[in-house]
Amino acid sequence: MKLLVTGGAGFIGSAVVRLAIARGHRVVNLDALTYAACLDNVASVAGDPNYAFVQADIRDRAALDRVLAEHQPDAVMHLAAESHVDRSIDAPGTFIETNVLGTFHLLEAARAYWQARGRPQGFRFHHISTDEVFGSLGPTGQFSENTPYDPRSPYSASKASSDHLVRAWGETYGLPVVLTNCSNNYGPYHFPEKLVPVVILNALAGRPIPIYGAGLNVRDWLYVEDHADALLLVLEKGVLGESYNIGGENERSNLDLVRTICTLLDAKRPRQTGSYADLITFVTDRPGHDARYAIDPSRIRDELGWRPSVTVEEGLERTVEWYLRHESWWRALQDRDGVGRRLGTA
Ligand SMILES: NC(=O)c1ccc[n+]([C@@H]2O[C@H](COP(=O)([O-])OP(=O)(O)OC[C@H]3O[C@@H](n4cnc5c(N)ncnc54)[C@H](O)[C@@H]3O)[C@@H](O)[C@H]2O)c1
């Protein structure tokens, strides 16, 4: 297949690009190269004859039309987005423009392209979204595909809006869409403003490791390469018009997760005295911080036979090792705007 991947210079998009190329697909990576992008994430495939990169913005309809006409993809995998909840609290406008309006322009460009080619039923518009659209859980229960939407941050509200648009384009215009909503990802190439890399990099620098509130917020942690694998499976085998929840089957509180990372670092790069966990510092909570997310993975497991391949302990060990071996990658990103500063305190 020839895939148009949006946001392929970001964290998850680049994992999709690398895996798709490894599996013999042709890939056009469309990315605006915002602060969150890094072309080094796809350096390993940059010379591959099956790979092309286009710098373009999903808010630019004319550019989208040009890229679709020139590259003639069989499917669109839409990952481009503003993705950091804390930034959405400080500057929600960008999230509305990219996640809502950008998705609208991409849907319209894809619809025009698909109609002009005689509405091939094999075409796919795969929208990649988040479990955050479902809101916040108490101590029990899980999000299923039928859980009502209840987004509570500007980020999750913008993603929920984009999900609604994609479903509407499927119902109204017959555009062959499929959606996925996944839990928190972690792994190699994670931009150094998100929790897991912040913990690793602050620990290595001997700086305080900030934990929001009491650290009791629970997430279901999904290794990014497992996510990419699930996304390609849904693209190929997912039922048209359906959505699939993707989880890691690895619920952990933030505090547990941070302690696990500290223990891994203690073993792999011991401090001169004490443990990295001594650096843990509790800071003011994020406004509106969702308490718990948990994924009911039964649809993707029962219908498509997919389960995550690693536990959070295995995935974190790989991740910590990756950051220890790729210092030049993360050092280059630490000067980017906002990185290393507390954001989203409203
Ligand atoms: N990271 C997670 O844990 C997680 C969980 C669930 C869902 N998601 C979703 O997965 C997708 C990818 O997330 P990520 O963590 O890789 O994000 P990311 O911030 O690492 O990457 C986003 C990419 O999109 C590009 N982009 C941003 N605005 C653009 C625009 N207007 N036009 C074109 N490109 C643009 C950026 O340059 C960047 O390369 C997002 O849609 C996000 O909502 C992420």
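**Entry: helices α6 and α8**

I began with helix α6 (residues 195-205) and helix α8 (residues 254-268) in this predicted model, and I noted that the two pack at an angle of about 40°, with their axes 10 Å apart. Angles under 35 degrees count as roughly parallel and 65 to 115 as roughly perpendicular, with the rest, apart from those over 145, called oblique, and α6 and α8 are therefore oblique to each other. I then looked up the hand of the crossing of α6 and α8, and it is right-handed.

Which residues make this contact? On the α6 side I listed Leu195, Val196, Val199, Ile200, Ala203 and Leu204, and these meet Asn254, Leu257, Val258, Ile261 and Leu265 in α8. Sorted by class, the contact of α6 with α8 holds ten nonpolar residues, one polar residue and no charged ones.

**Entry: helices α4 and α5**

Next I turned to helix α4 (residues 92-116) and helix α5 (residues 154-173), whose axes are 8 Å apart and which pack at an angle of about 15°. With the limit for roughly parallel set at angles under 35 degrees, α4 and α5 are therefore roughly parallel to each other. I also recorded that α4 passes α5 in a right-handed crossing.

The contact list for this pair includes Phe95, Ile96, Phe104, Leu107 and Trp114 from α4, and Tyr155, Lys159, Leu165, Val166 and Trp169 from α5. How many residues of each class does the contact of α4 with α5 have? I wrote down 13 nonpolar, five polar and three charged residues.

**Entry: helices α2 and α4**

I looked up α4 again with another partner, helix α2 (residues 61-71), and found that α2 and α4 pack at an angle of about 40°, with their axes 9 Å apart. The crossing in which α2 passes α4 is right-handed. From α2, the residues in the contact are Arg61, Leu64, Asp65 and Leu68, while α4 contributes His105, Leu106, Glu108, Ala109, Ala110, Ala112 and Tyr113. By class, the contact of α2 with α4 divides into seven nonpolar, one polar and three charged residues.

**Entry: the ligand**

I then moved to the ligand, which is surrounded by 30 residues, and the closest of them are Ile12, Asp31, Ser83, Tyr155 and Lys159. For a nitrogen atom of the ligand, I found a polar side-chain atom of aspartate 57 at 2.9 Å.

**Entry: isoleucine 89**

What does isoleucine 89 touch, not counting residues up to four places away in sequence? I listed Pro154, Arg286, Pro287, Gly344 and Ala346. I also checked glycine 305, which is 216 residues from isoleucine 89 in sequence and 38 Å from it in space, C-alpha to C-alpha.

Technical notes
Residues numbered from 1 in each chain as written. Predicted model: local features only at pLDDT ≥ 70, side-chain atom pairs only at ≥ 80, totals over all residues. Heavy atoms only, no water. Axes fitted to C-alpha atoms, helices over the stretch in contact; angles between N-to-C directions. Helix = DSSP H or I, 4+ residues; strand = E, 2+ residues; numbered from the N terminus. Left-handed = near helix turned anticlockwise from the far one by under 90°. Contact = heavy atoms within 4.5 Å. Nonpolar A, V, L, I, M, F, W, Y, C, P; charged D, E, K, R; others polar. Near = heavy atom within 4 Å. Polar contact = N/O pair within 3.5 Å; in protein donor to acceptor, adjacent residues only side chain to side chain.
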